[in-house]
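Please look through the sequence and the model below before reading on.

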Amino acid sequence: MNRTGIVFLVLVACVAGTVALADELYVDGGVGVDNDACGAPGSPCDTVQYAIANRAADGDSVRIIQGNYAECIDTLGKKITVVSDEYERNGTNAGTVLDGTLCVGTGGSSVPTVLLDDGATLQGLTIRGGNDSGVKAFGTVAITNNLITANEGSSGGGVYANGSVTIADNVISGNSADYGAGVYVFATDYFGDTEDVVIADNQIRDNAAVSDGGGAYLFSLGDTGTSPKVRFEDNLVETNEAFGFGGGLVAFSVSSPTASTAIVITRNEILQNAVTGDVSSEAVGYGGGVWAGATGEGGESIEISENVVDRNTSTVSGAGVAAWVRGPGEFAASRHDVVVANNDITNNESDFDGGGMDLYLEALSLADGATMALRVEDNLLEGNIAGPDGLGGAGFVWLISERTLAGQLDLAFERNEFRSNLGGLGAGALSVWALTDANPVTTSLPGASRAEGRIRFENVLFADNATDPGGVGAAVLAYLDSNGDAQSTIEMSNVTIVGNTAASSAIEVESYTTVDSGGVDEGSGLLEIENSILASNEGFAIGGPTPGAAGVLAPDDGTGNFDIEVRYSNLFGNDGVLEGTIAGLTTVANPVVGDPLLDADYIPGRCSPTLDAGDPASDFSLEPAPNGGRINLGNLGGSSLAVASLADVNGDRTVNGLDVLAVAAGFTSIPGQPKYLASADFDSSDLIDGDDLSFVSADFIIGATCP
Amino acid sequence: MRFTKSKKALLVALLIGGFALSAGCGGDDDDDNGGPLVATFTPSNNPPAANSLTLQAGSASGDTFTVLIQATAINDVFGATFDLTYDPDVLDVVSWSAAGSFLEVGGSVPVFLTFPTVAGDANGTVEFTISRLAPSPAVDVAGTQTLFSVTFEATDTVGNTPISFATSPRLVCTGEIDGGTRTCSSVAPVPLFAGGNVSVSD
């Protein structure tokens with residue numbers, strides 16, 4: 001090796017050593033000295049900002065010895081980690097405090113206690129006293145394991161974040177701001193970021209917003225061509241407060257035509273938060289736990305899933321969750337989707353409407369191709385309360401469809417359970433309002449003047465809900481308003497409504513239809529109920545308002561255009577079936593008579609007449625075998641949780657040896673063979689096999705029989 | 001009469017029990033009352049007629065005895081289903097077994113189901129279903145062959161009691177499905193079902 005080679009190797013070694021050994025710069029306030037050589041363990045710097053500004057380089061850590069530091073810091077664009085020594089040693093943060101109370105910015109402006117730039121990490125500190133947020137972060141930044149308390153700001157009292165920010169394992173408490181008192185996230189992709197904003201495993205408590213978002217405000221703004229995403233998961237959001245929207249948190253998603261935004265709020269505990277705005281103003285007081293809104297011209301999605309939303313309060317509506325979707329609709333590619341799924345929304349209380357939820361979907365002249373969806377799936381809503389002058393113990397639901405076709409809208413409730421909620425004036429569980437309007441008749445928008453609005457309920461249980469004494473609609477109060485060439489429809493399939501209590505009825509329905517401004521078309525209303533069980537409710541199964549009441553069931557133009565269709569349903573044991581006003585508007589087809597034999601959890605017994613009694617055309621393929629080849633009634637019907645039919649080959653309602661022998665005799669046979677019996681092929685597998693033998697054997701050995 | 005015998009059995013049991021205690025001997029586990037009961041089963045159709053499904057006496061020991069459910073001269077036996085009834089005050093079911101059933105011919109393992117599933121849960125009626133599985137063919141029974149067996153034990157009560165085939169449903173199945181209204185075709189002509197009587201004495 002020549003001399004040049006040796007020199008090269010030495011240089012490489014030096015460079016490699018420099019790169020590999022990032023400096024750890026120590027700061028020990030009151031002990032250290034700020035000078036050009038400070039930062040070693042034995043000669044720490046005195047202030048954090050000196051170490052950052054003068055000693056740190058990309059890749060370094062600034063390690064702060066325990067103590068109170070009355071200073072504000074700025075990472076100055078350096079990709080560094082600011083961490084406490086106590087956190088490194090034992091995982092704590094309480095003894096190392098950055099207090100920005102006395103900090104003043106240029107010209108006397110407010111400043112954050114910590115300003116983090118792209119590439120910085122803040123870990124294991126107590127951050128307090130910020131008067132323009134405790135922590136402000138831009139770019140790709142991590143904020144972890146800190147206590148962020150007693151800060152204030154306009155947006156993000158505790159933390160303001162804009163970029164691919166990770167906020168994890170912090171306690172964020174006692175902060176205040178106009179918006180997002182605990183955390184304000186502004187997700188924009190302005191920094192060219194493609195990663196999610198992640199807020200995870202934090203405790204966000206006791207923060208107070210003057211306006212919206214007591215615990216957190218998540219604002220996802222999709223500018224042209226961008227797709228910012230926010231994930232808010234596994235956090236505890238507790239006892240926060242806001243005046244206007246979102247006592248616990250706000251999720252607001254807005255996008256431009258070629259942009260998309262996404263916010264996911266999942267697996268959080270959202271407890272005892274409050275919105276406090278004056279009930280006299282409809283502009284405030286929504287979403288005690290969560291307020292979520294999606295609107296814009298591109299694609300916005302918000303998912304609220306697997307959360308526990310408990311004991312939150314609101315002054316106007318949606319004490320647990322408020323979700324609003326609004327589509328202006330000029331752009332065919334617009335997609336606005338909000339999903340509320342698999343949450344436990346319990347014991348929330350509103351002073352007025354919507355104890356559990358406030359849901360609002362508004363489509364205004366939605367362009368052909370544009371869609372909007374608000375889907376509420378697999379939730380438990382239990383023990384929620386509306387105010388004595390309000391409606392909807394479990395929730396208040398609005399669908400407004402103006403010059404928009406039903407196929408563009410999906411407002412659906414699937415597989416939810418509404419239990420023991422308390423309405424005020426009406427709607428022990430849900431107050432559902434569908435307003436469709438075809439006016440003006442002449443429009444330049446595609447879709448012409450037709451308007452349709454449909455709210456679907458599938459596999460939903462309403463049990464033990466009630467109104468205050470004298471209230472109407474123990475389970476559901478439905479109001480259908482249609483103007484012009486428009487129809488409002490509420491469709492209930494496989495719904496169980498049982499044990500609800502109101503003065504009038506389990507389902508109270510009102511309809512108001514009017515003729516359009518051209519005097520041509522009158523709106524229509526329709527309530528469809530099929531494959532459902534309405535049983536043991538106090539009051540009528542279905543009722544309406546007092547005859548002659550202005551505008552209800554006797555529209556002001558005098559024609560009336562409202563129908564109720566009940567098909568393949570069981571109406572048993574209610575105080576009455578159809579209230580007088582309703583009877584003349586209702587068609588009951590293929591009724592299923594008899595006691596549905598519901599158990600204490602409202603699951604039909606295997607001898608219930610509601611098994612295999614639904615519309616033969618309805619899909620039963622998800623029902624477990626043996627499913628009788630026909631859908632069951634009620635909320636479990638048609639689902640994988642449906643009660644199995646008897647493995648009764650010969651239809652005598654007893655599973656005995658005759659049925660076993662039939663399976664045995666047809667064993668291994670397939671359709672078309674003489675020994676194949678479709679009734680012995682319980683799982684419709686086109687083969688009588690061991691599965692079928694196991695079905696019949698299982699029933700045989702328990703002596704399954706029905707009277 | 002039954003009451004008298006019961007009182008007598010109790011008196012004997014007390015006497016024997018007192019003797020056993022005074023003699024320092026272990027008790028006789030054949031009978032809680034100490035007296036060795038003897039149960040004897042007598043079929044009502046013996047020798048069994050052709051084209052019959054009958055109960056026949058199997059092994060016996062003291063108060064325990066086995067009844068064989070046997071087919072005699074029946075063609076096309078694929079399976080059978082029926083209830084057996086007995087007086088639960090007099091008899092307990094101990095066990096049942098389809099081991100060695102003629103339905104095993106050709107290496108088949110028949111389906112054998114009971115309700116209740118546990119012998120000790122039976123209380124006067126047991127529903128039995130036994131069957132080959134298609135595509136195994138039905139079996140022609142020549143002479144008398146055993147379908148399965150049931151073992152009973154006398155309770156404390158002496159007396160006579162029948163063991164019977166309940167009237168419905170009972171079927172000897174050929175394995176030919178009959179349109180689903182019947183689960184499988186019965187052999188023709190319909191065989192005779194015949195039980196028997198048990199005598200329990202001390």
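Leaving aside residues up to four places away in sequence, A:L425 touches A:D389, A:G390, A:L391, A:D468 and A:G471, where two residues are in contact if their C-beta atoms, placed from the backbone, lie within 7 Å. This is a predicted model, in which local features need pLDDT of at least 70 and side-chain atom pairs count only at pLDDT 80 or more, while totals for chains, interfaces and linings use all residues. Residues are numbered from 1 along each chain as its sequence is written, and chains are lettered from A and ligands numbered from 1 in the order in which they are written.

A:L425 belongs to the loop between β43 (417-419) and β44 (430-437) of chain A; strands (E, at least two residues) and helices (H or I, at least four) are DSSP runs numbered from the N terminus.

Chain A as a whole has six helices and 55 strands, and its C-alpha trace spans about 95 × 65 × 50 Å along the principal axes. Of its 707 residues, 62% count as buried, and among contacts in chain A with a separation of 6 or more, 72% link residues 24 or more positions apart.

Strand pairing, which requires that DSSP find at least two bridges between two strands, can be followed through β49. Strand β47 (residues 486-498) of chain A pairs with strand β49 (residues 524-530) of chain A in the parallel sense over seven bridges, and A:S488 stands opposite A:G525 in β49(A). β49(A) is also joined to strand β52 (residues 562-567) of chain A by six bridges, again with the strands running parallel, and here A:E530 has A:R567 in β52(A) as its bridge partner.

Turning to the interior, a nonpolar core is a set of buried Ala, Val, Leu, Ile, Met, Phe, Trp, Tyr and Cys residues joined through C-beta atoms within 7 Å. The largest such core holds 177 residues, of which A:V185, A:L218, A:V290, A:A323 and A:L361 touch the most other members. Strand β45 (residues 451-463) of chain A supplies the largest share of this core, six residues. Apart from it lies another core, of 71 residues, including B:L37 and B:V187.

Where the chains meet, 24 residues of chain B are in contact with 23 residues of chain A. On the chain B side, the elements giving two or more residues are β4 (79-85), β6 (111-115), β7 (125-131) and β10 (171-173) of chain B.

Finally, confidence deserves attention: pLDDT, the predictor's confidence in each residue from 0 to 100, averages 89 in chain A, with 91% of the residues scoring at least 70. Over residues 1-20 of chain A the pLDDT is below 50, and this stretch has one contact in the model beyond near neighbours in sequence. Residues 548-559 of chain A also have a pLDDT below 50, but that stretch has 24 contacts beyond near neighbours in sequence. Where pLDDT is low, the predicted coordinates should not be read in detail.

Methods
Buried ≥ 20, exposed ≤ 12 C-beta atoms within 10 Å, placed from the backbone.
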